[in-house]
Amino acid sequence: MTNEAAYWIALAHLPKWGHLKINNLIIKFFHENQISIIDFFSLSENDWRKTYLLDDKQVADLKQAKVELASNAFLAESFLSQGYEIIPITSPEYSKTLKKNLKTAHAPAVLYVKGNKKILEEQSIAIVGSRAASEKSLAFTDNIAKKASIDYKVVVSGFAKGVDKQALDSAIKYKGQSVIVLPQGIMTFASGFKTYYSQIINGDVLVVSTFFPKAPWKTELAMARNPIIYGLADEIYVAESSEKGGTWSGVIDGLRKGRKIYVRKPEATEKNANDILIDKGAVPVDFNGREIAKAYQVLESQPVSVVEEPEESASLDAKIRLAIDGRALTAKELLTKLALDWTVQKLNNYLKKLDFIEIVKEKKTNQYKLKGSKAPTQSILFT
């Protein structure tokens, strides 16, 4: 990836090509002809025209991209040395949820990321809404983020004021995981990386951008980011929307693409466009995110606490105590010993919340032992 990074940057940002044209070209050279992106850029102009049916303008764009490879290589070296990573659409690390939801026509060719990439493999929800959201909407956002964290679902948000920021802060407060989707290049988010440094280091926050690494914040980038937020989510919840702006356009676009989108049912006195979105096909939900038609007769203003059954939780905790008595274990080793049908990430999250567990770092990998024990650690390659 280090050698290919400059080429992917060049291809992903070809001027006025759009996702569909770029992805169709990737399908052609990578999947059909089975050559690397470096080999593709090494082809002659005649090959580009005959094999890939590119017109004069497209060939000229690729020639210019080759000219810029040197500067992109310098950028990529700086980018990678600072801990950023690039995930091309051909990589198994690329979000399968994003591919499924946006498909060839809308999926970005690359993701620029920093943080725990494994988060992209987890079940996820997006919580979206207005920058100037009401207290009711922010309380709804907090409640949905809390339930998501309890259920080990990742909260996806766009790092805007209002609902987005509340979703992120609540996920962190309830010790859940989050994806921040930026409306700018990832290398321009320095202040954000300082703010969320500990969460990123601990593997609880992943920062994602699809824009040129040094692109500054722009209104048009904020609008272009919204489909990525929706695309990275298995479920979408709308706390509050007006009849214009990013939330409105994102929901309308999602409904047009056949997504099931949950919208908080507003009270009669509220002034927002939630009911209009429901009339257009969104699914109304109560304060706890349950579909209105299926909800029990409870007051919307009273959030329902969702916790594990005490006996089940206590039983699992006891098994964990027995399993790691004697030596420190990784989450993967614990999964095998406990025969749990969980992901490694879910167990990692669960273990971090146990007051009798001590976390030991061994070659950047978490190992777990009982607090106060002298259980030895061991060198391992993965969790």
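Y196 counts as buried, because its relative accessibility is 5%; buried here means under 20% relative accessible area, exposed means over 50%, and partly exposed lies in between, with a 1.4 Å probe and protein chains only. The model is a predicted one, in which local features need pLDDT of at least 70 and side-chain atom pairs count only at pLDDT 80 or more, while totals for chains, interfaces and linings use all residues. Residues are numbered from 1 along each chain as its sequence is written, and side-chain values use heavy atoms, with hydrogens and water left out.

Let us stay with rings for a moment. A pair of aromatic rings is described by the distance of the centres and the angle of the planes. Rings of Phe, Tyr and Trp (for Trp, its six-membered ring) pair if their centres lie within 6.5 Å; planes under 30 degrees apart count as stacked, over 60 as edge-to-face and the rest as tilted. By this rule the structure holds 15 aromatic pairs. In one of them, Y152 and W342 have ring centres 5.9 Å apart and planes at 45°, so this pair is tilted. Y152 sits in the loop between α8 (135-150) and β4 (154-157), and W342 in the loop between α16 (331-338) and α17 (344-352), so the pair ties together parts that are 190 residues apart in sequence. Helices (H or I, at least four residues) and strands (E, at least two) are DSSP runs, numbered from the N terminus. Y152 counts as buried, with 13% relative accessibility.

Y196 has a ring partner too: its ring centre is 6.0 Å from that of F159, and the planes stand at 80°, so the pair is edge-to-face. F159 belongs to the loop between β4 and α9 (163-173), and Y196 to the loop between α10 (190-195) and α11 (197-201), so this pair ties together parts that are 37 residues apart in sequence. F159 counts as partly exposed, at 27% relative accessibility. Both residues are members of a cluster in which ring pairs link F79, Y84, Y112, F159, F189, F193 and Y196.

Some rings also have a charge over them (NZ of Lys or CZ of Arg within 6 Å of the ring centre and within 35 degrees of the ring normal). In the same way, the charged end of K21 sits over the ring of W17, 5.6 Å from its centre.

Now for the strands. Two strands pair if DSSP finds at least two bridges between them. Strand β2 (residues 110-115) pairs with β1 (residues 85-88) in the antiparallel sense over 4 bridges, and E85 stands opposite V113 in β2. β2 is also joined to β6 (residues 205-209) by 4 bridges, again antiparallel, with L206 in β6 as the bridge partner of G115.

Further along, β10 (residues 357-362) and β11 form an antiparallel pair over 6 bridges, and N366 in β11 is the bridge partner of K361. How many residues of strand β11 (residues 365-370) are buried? The count is 6 of the 6, so the strand is largely enclosed by the rest of the structure. In a regular strand the side chains alternate between the two faces of the sheet. Both faces of β11 are covered, with T365, Q367 and K369 buried on one side and N366, Y368 and L370 buried on the other.

On a 1 Å grid over the protein atoms alone, a cavity is a set of points where a 1.4 Å probe fits but cannot get out, and a pocket is an open set with protein on both sides within 12 Å along at least five of seven lines; lining residues have an atom within 4 Å of a point. Grid points are joined across faces, edges and corners, and a volume is the space filled by probe spheres set on the points. The second largest pocket has a volume of about 430 Å³. Of its 23 lining residues, H13, H19, T210, F211 and A224 are the closest to its centre. α12 gives the most to this lining, with 5 residues.

The whole structure has 2 cavities of 30 Å³ or more. The largest cavity has a volume of about 70 Å³, and its lining includes N101, Y230 and D253.
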